[in-house]
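Subject: The model we talked about

Hi there,

Here is the structure for you to open on your side.

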Amino acid sequence: MAELFNGHVMGKSVIYRILDANLDRAREGLRIVEEWCRFGLNNPDLTEECKRLRQELAQWHTAEIRAARNTPDDPGTQLTHEREECRGTIHQLLQANLCRVEEALRVLEEYGKLEDRQMGRVCKQMRYRVYTLETQLMAYGRHQQLLEAQLYLVTSPMPELLEVVEAALQGGLKLVQYRDKNTEDGERFALAQSLRQLCDRYGALFLINDRVDLALAVDADGVHLGQQDLPIAVAREMLGSQKIIGCSTTNPEEMKRAIANGADYVGVGPVFATPTKPNKAAAGHEYVRYAAGHCPIPWFAIGGIDVNNFNEVLESGAHRIAVVRSIMEAEQPTLVTQYFLSQLARMETMKAIQNTQAARV
Ligand SMILES: Cc1ncc(COP(=O)(O)OP(=O)(O)O)c(N)n1
Ligand SMILES: Cc1ncsc1CCOP(=O)(O)O
Ligand SMILES: [Mg+2]
């Protein structure tokens, strides 16, 4: 059926070309995401969902639709956006491709229903499934990254804040918390936004200390709450299940409660008394040893840790640490970050070797 639209003959072949291009686009985008779910995350559920979506789309890609393809006459093949040629991180690559799939599904929904109402309905459902996939994938990646992070930088306010954090990111840091008690909200928001962008560029997680509203405003990866801050349950309600919530603990009771309330990680300390938190007594090595033996979720030893006493903290059983001054006040934040990270990685390797040997005996 040929229909006249604005003087142009709108034949079936035009609709079929649009469907063909967008079926390809959606399937290619899904394949890119699927490869990451499979090889990057080793996640069978997410891999399976990508595959199912691809296969369901393939059923709509009939021989008739394929036959309408006319690549040489397609003006769109020469068009690339600058951003397509430069994806900085896996996160950006995944987001760009998920967005491409969602757009293609929307096109398939709108043009598909001109041909077959069922196709419109199915593509709409698939678009919602892709939104869910996106949320799950981003949350999974975020929690995986938290598991892998061994060094946590908690910032302190200073004029060179962004430069120092960037220097630490250049040293391989993957987890940053913006902690700033006194700056007024407007400036705090602007700084949090800049830090968010900086962390994105380096593929690092970005959390906000104390303020759930600020975490929401800049779409941070999560929030860190102390015993005097909002309850975890309230923050969870506001942030949803996909974001990270950390909680400070000073003793086993606080740790147990934080875990029962759904914290994703806990701070364990202060290990040593510290001027950064002057009114807080040290919990000491004993609590670090307790965490090493009992804590089932990721935990970070914090408080007074520096390059000189850091090995003692590792000997007490810590394999993740959080620091403020050691990096924020370092002459060479990149080098200090590299030093901490290399020592933490070395310790992991030694533990893996010891475990293998113990398993053999
Ligand atoms: C990783 C980490 N652990 C502990 C804290 C301290 O949080 P809190 O007890 O709420 O104290 P303030 O940082 O808000 O002064 C932290 N921020 N990060
Ligand atoms: C925020 C916080 N919570 C427990 S100790 C501490 C401060 C750690 O700072 P520093 O690493 O400078 O001792
Ligand atoms: Mg706090």
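Gly 120 is buried, with a relative accessible area of 5% (buried means under 20% relative accessible area, exposed over 50%, and partly exposed in between, with a 1.4 Å probe and protein chains only). Gly 120 sits in helix α5, residues 117–148; helices (H or I, at least four residues) and strands (E, at least two) are DSSP runs, numbered from the N terminus. Leaving out residues up to four places away in sequence, Gly 120 touches Glu 109, Gly 112 and Lys 113, where contact means heavy atoms within 4.5 Å. Gly 120 and Glu 312 are 192 residues apart in sequence, and their C-alpha atoms are 63 Å apart in space.

A word on the model before the rest. This is a predicted model, in which local features need pLDDT of at least 70, side-chain atom pairs count only at pLDDT 80 or more, and totals for chains, interfaces and linings use all residues. Residues are numbered from 1 along each chain as its sequence is written, chains are lettered from A and ligands numbered from 1 in the order in which they are written, and side-chain values use heavy atoms, with hydrogens and water left out. The mean pLDDT of the chain is 92, and 92% of its residues reach 70 or more; pLDDT is the predictor's confidence in each residue, from 0 to 100. For the complex, the predictor gives an ipTM of 0.99 and a pTM of 0.82.

Now to the ligands. Around ligand 1 there are 14 residues, of which Gln 177, Arg 179, Lys 181, Ser 248 and Lys 277 come nearest (a residue is near a molecule if one of its heavy atoms lies within 4 Å of it). By class, the shell of ligand 1 has two nonpolar, six polar and six charged residues. Here Ala, Val, Leu, Ile, Met, Phe, Trp, Tyr, Cys and Pro count as nonpolar, Asp, Glu, Lys and Arg as charged, and the others, Gly among them, as polar.

Thr 276 brings a polar side-chain atom to 2.6 Å from a ligand 2 oxygen, while Arg 325 has a side-chain N or O atom 2.7 Å from an oxygen of ligand 2. From the backbone, an N or O atom of Gly 304 is 2.7 Å from an oxygen atom of ligand 2. Ligand 2 taken alone exposes 370 Å², and the protein buries 92% of that.

The peptide bond joining Gly 269 and Pro 270 is cis, with omega about 5 degrees.

Thr 155 is in the loop between β3 (151–154) and α6 (161–170). Is Thr 155 buried or exposed? Its relative accessible area is 0%, so Thr 155 is buried. A polar atom of the Thr 155 side chain lies 3.0 Å from the backbone nitrogen of Arg 179. Beyond four places in sequence, the contacts of Thr 155 include Val 165, Tyr 178, Val 324 and Met 328.

In helix α11 (residues 284–294) you will find His 285. The side chain of His 285 makes a polar contact with the side chain of Ser 316, at 2.7 Å (a polar contact is a pair of N or O atoms within 3.5 Å; within protein, one must be able to donate a hydrogen and the other to accept it, and residues adjacent in sequence count only if both atoms are side-chain atoms).

Finally, some backbone angles to look at. Most residues other than glycine have a negative phi, and most peptide bonds are trans. Asp 210, in the loop between β5 (205–209) and α8 (212–217), has a positive phi of about 70 degrees. Asp 219 has a positive phi of about 55 degrees and lies in the loop between α8 and β6 (222–225). Asp 219 counts as partly exposed because its relative accessibility is 47%.

Best wishes

Terms used
Accessible areas come from the Shrake-Rupley method with a 1.4 Å probe; for residues, only the protein chains shown count as cover.
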